[in-house]
There are 2 protein chains.
Amino acid sequence: MSGSVSTQRAETVVKPALLRALAGERLERPPVWFMRQAGRYLPEYRALRAETSGFISFCLDPERAAEATLQPMRRFAFDAAIVFADILLLPMGLGQKVWFEAGEGPRLGPLPSLEAMQARATEAAQSLTAVAETLTRVRAALEPERALIGFAGAPWTVATYMLEGGSSDRSKARSLAYTDPALVDGLIEVLVEATAHYLAMQVRAGAQVVKLFESWAEGLSEDLFFRLVTAPHMQLVARLRQLGVEVPVIGFPRGAGAMVLDYAAAVPIEGVALDTSAPASLGQIIQKHRTIQGALDPLLLRAGGEALDRRVDRLIEQWGGGPYIFNLGHGVLPDTPPEHVARVVERVTGRVQAP
Amino acid sequence: MSGSVSTQRAETVVKPALLRALAGERLERPPVWFMRQAGRYLPEYRALRAETSGFISFCLDPERAAEATLQPMRRFAFDAAIVFADILLLPMGLGQKVWFEAGEGPRLGPLPSLEAMQARATEAAQSLTAVAETLTRVRAALEPERALIGFAGAPWTVATYMLEGGSSDRSKARSLAYTDPALVDGLIEVLVEATAHYLAMQVRAGAQVVKLFESWAEGLSEDLFFRLVTAPHMQLVARLRQLGVEVPVIGFPRGAGAMVLDYAAAVPIEGVALDTSAPASLGQIIQKHRTIQGALDPLLLRAGGEALDRRVDRLIEQWGGGPYIFNLGHGVLPDTPPEHVARVVERVTGRVQAP
């Protein structure tokens, strides 16, 4: 026992704050990182991005993707980096064409047959080794006290794009869940398997935390929410553990509303990311058994001013008493002034500069 | 006391089921009506609508609007009619131009100055006497056991259209709530006053219940939700009571998620309409002090089949134990087969035909 205690003490010295928070520790101040902290609001990102014509080529270029990942880490005292990639890389590994039209959302080609996708589920991640290479490069460059996060789109969210051929209001995908359950449930099953392998690859390459982005949990009835979100997340986490992945998992069921309580109770993850509309009381209930993350309004981050300062203080006041990671409720908006990001990170960490 | 008891008993004979449910009674079976029960999914509506070129002209034509209101009442055993109108009629009364492009959403002209709108708040409803005339015609034609509902858009929802000039993701309006609070709060205040008078006019014309459609409560942080939704609804209900309106009010904060609990606790309304994503437990909590309404998925209504039957039974099972009004979680979709509506209404009421 004394051996394990000393190991634990030695680990504490270098264990990144994000991992300590995800282990349920309440820290002196919450660790902080932002969804889309790498991206268009940074002039150095826009310059880097301009060097490559296609967005997917950019994501699959480990040198540039690693640079994009690291850019905000140089500017701000973020406690974690998140690999620069896109949730729609995985459908490509399953044989569906994906492209981005300039100034528009993603576009996807015809959905391959379920059989064809089933045959590729296990090895789909193998076509995305560039993402693993990005993670390895970032991990090598990042200070040991700053954590590296890998991620994937959650099955339902990725399925909505695959079924609809692009961005949408998800009504076609939700309708299909009623009218063609064999297709939708079969696709979700394929995505659970493919995503588990994809995340396992990211962890082997250096990710210390993985996050599941369920960007489109909103508008689902309780039965569909369990079937399309909660149950697949449970299966995915179980599959990850089977594959030997032991790092903490953060789930982000954006738009789950009150159902995030059932989600947090049912899915054995370490962290639950809350969206902008989560009230204080909801987070406090979840904090009794999970670390929570969230949930500053990206529109307020963009607006700035004293209202922003007051809201940052309020979030720390309402949730800082339990295990908590400071973040936004959604991604940084492209026209956010970088000084506003600096101001919030400084307010949370007390640090003006990146380490 | 015996006098009041006998009055109560006499009233019970003709009191529409919807009003009894809103008074907190638990009935043998829930009353049922559907949001957008009048509209494009009905061939007789499409024929009627084709007689008039502009949508707003149609809404302001009492003869045709009354006919549209009554069409679903002839087909189905709905327990209530809701006046055919649009939530964007009121901005016209405040001096903002509103029009509908064929096949697109609503468009609004430049926002009048706050001062100009303040000057018109009290009498804005007077330009919408056509809606009152529609209500009077419908009430005269409707059986006494079927209730008539008036409605208005809630202040924040109407404000989003007025501020953005049409349909949108509300990010401009939400940003303005941070960057120009004087404008947004001033506009909400104008809308509270104008809406109270508009609803009072509807009640004088025959509406026995009024419903407040807060279609865009989603995506608001807790502080914005209180400021833009809960507080204005509280003020509006208080103003309605000041104006002598005594009929029950149903609030529908669509997308409120977990915050619907705080909303239901704070706003002194008789009914809380739940959206598609409200879990059973949430409704059961609210039923302890309010009548709830909801929340069949309109996509499942469109899809039909045994899954629809099972879900209808499940909703009645989960919420029928308290005061409950059967409805959808959002409006009937235009391509819904009318037979599916008939099937659900029959399943809820046990009646094949309209009375």
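What follows is a short tour of this predicted model.

## The whole chain

Chain A is built from 17 helices and nine strands. Its C-alpha trace spans about 50 × 45 × 45 Å along the principal axes. A compact globule of 355 residues would have a radius of gyration near 20 Å, and chain A agrees with that at 19 Å.

Looking at contacts between residues at least 6 apart in sequence, 74% join residues at least 24 apart.

## Zooming in on strand E6

Now pick out strand E6 of chain A, residues 249-253. Five of its five residues are buried, so E6(A) is largely enclosed by the rest of the structure. Val249(A), Gly251(A) and Pro253(A) point one way from the strand, while Ile250(A) and Phe252(A) point the other way.

## The neighbours of E6

On to the strands that pair with E6(A). Strand E5 (residues 209-214) of chain A runs parallel to E6(A), and five bridges join the two. Here Phe213(A) sits opposite Phe252(A). Together with helix H12 (residues 222-242), E5(A) and E6(A) form a right-handed β-α-β unit.

Strand E7 (residues 271-273) of chain A also pairs with E6(A) in the parallel sense, this time over two bridges. One pairing to look for is Ile250(A) with its bridge partner Gly271(A) in E7(A). To get from E6(A) to E7(A), the chain crosses through helix H13 (residues 260-266), in a β-α-β crossover that is right-handed.

Methods. Residues numbered from 1 in each chain as written. Chains lettered and ligands numbered in written order. Predicted model: local features only at pLDDT ≥ 70, side-chain atom pairs only at ≥ 80, totals over all residues. Helix = DSSP H or I, 4+ residues; strand = E, 2+ residues; numbered from the N terminus. Rg over C-alpha atoms; globule rule 2.2 N^0.38 Å. Contact = placed C-beta atoms within 7 Å. Buried ≥ 20, exposed ≤ 12 C-beta atoms within 10 Å, placed from the backbone. Pairing = 2+ DSSP bridges. Right-handed = clockwise from strand over helix to strand, strands pointing away.
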